[in-house]
Amino acid sequence: GTDAIFSSSNVVPPPKVVIPFQGSSMFLSQQMDDDSIPAPSIYYDDRGEIHNIEVNNAHRINILYTKAGYLRSGDLHPNEQCDFIFSGKVKIWTLAEDGSTTITTYGKHEFIKIPIGVPHVFEFTENTVMAEWWEPQGFQAWFYKPYRDIVNQCMAEGDESKNKRKRKGLVVLSPCNDWGAARMILGAAVVGVVGFAWTQHHKP
């Protein structure tokens, strides 16, 4: 990926959306970033859940559970994206320099690094639990329209085939909430595992 891709007509900022937020509603910013997504929190929809966690008030890590048959992402970032698969299997599409799509399959205990400015899609072939973070820290994302259109179409087809309403929302966790505290403890345990994987990857 190069900086030139960010000026492509196929690269667009995510649209502003409204999602249920603790009984009310919340606007996500026009350009998704750390400031628009509170931590700790859980975003959920029909695909599964994204647990947004902040470690030492500095490091942002997401823990994702995604059901088989769904897609995620269809975006690109101004920093490297790192992923670690705890369980399951996923195909990752990445845009090559010649405009073609490369598809690589990853499974349990594998580490993935997606370079700066490379559009990508996650295609989940099994129920999957994975972690994602960015280096250097600071989450920002733009949609790569050809990929994002496919992700959105997959969501629409899934809703129609299952004949059900879309499920979507954001829960902001608080230590004073027993349910929230339990999920924070679970998240902290997972972060410990991610930390181990991270340090192993960064060993000299």
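Figure 1. The model is predicted: local features need pLDDT of at least 70, side-chain atom pairs count only at pLDDT 80 or more, and totals for chains, interfaces and linings use all residues. Residues are numbered from 1 along each chain as its sequence is written, and side-chain values use heavy atoms, with hydrogens and water left out. A salt bridge is a side-chain nitrogen of Lys or Arg within 4 Å of a carboxyl oxygen of Asp or Glu. Helices (H or I, at least four residues) and strands (E, at least two) are DSSP runs, numbered from the N terminus. Lys 145 is partly exposed at 40% relative accessible area, and Asp 149 is partly exposed at 38%. Here buried means under 20% relative accessible area, exposed over 50%, and partly exposed in between (1.4 Å probe, protein chains only).

**Figure 2. Glu 80, Lys 113 and Glu 135 belong to one salt-bridge network.** Glu 80 and Lys 113 form a salt bridge, and their closest N and O atoms are 3.4 Å apart. Glu 80 sits in strand E8 (residues 80–87) and Lys 113 in strand E11, 33 residues apart. Glu 80 is partly exposed, at 25%. Lys 113 is partly exposed too, at 35%. The whole structure holds four salt bridges.

**Figure 3. Asp 45 and Arg 47 form a salt bridge.** Their closest N and O atoms are 2.8 Å apart. Asp 45 is buried, at 3% relative accessibility. Arg 47 is buried as well, at 8%. Asp 46 is found in the loop between strand E4 (41–45) and strand E5 (48–55). This residue is buried, with a relative accessible area of 2%. Asp 46 and Met 155 are 109 residues apart in sequence, yet 8.3 Å apart in space, C-alpha to C-alpha.

Figure 4. The search of the whole structure finds seven aromatic pairs. Rings of Phe, Tyr and Trp (its six-membered ring) pair if their centres lie within 6.5 Å; planes under 30 degrees apart count as stacked, over 60 as edge-to-face and the rest as tilted. The ring centres of Phe 6 and Trp 142 are 5.4 Å apart and their planes stand at 75 degrees, so this pair is edge-to-face. Phe 6 is partly exposed, at 25%, whereas Trp 142 is buried, at 18%. Phe 111 and Trp 133 form a tilted pair, 6.1 Å centre to centre with 45 degrees between the planes. Trp 133 is buried at 0%, while Phe 111 is partly exposed at 27%. Trp 93, Tyr 144 and Tyr 147 form one aromatic cluster.

**Figure 5. Six strands form an open sheet.** The order is E1-E14-E7-E12-E9-E10, with antiparallel pairing. Two strands pair if DSSP finds at least two bridges between them. Strands E1 (11–12) and E10 (101–107) stand at the edges with a single partner strand each, so one side of each has no neighbour in the sheet. Strand E9 (residues 89–95) and strand E12 (residues 120–124) pair over five bridges. Val 90 stands opposite Phe 124 in E12.
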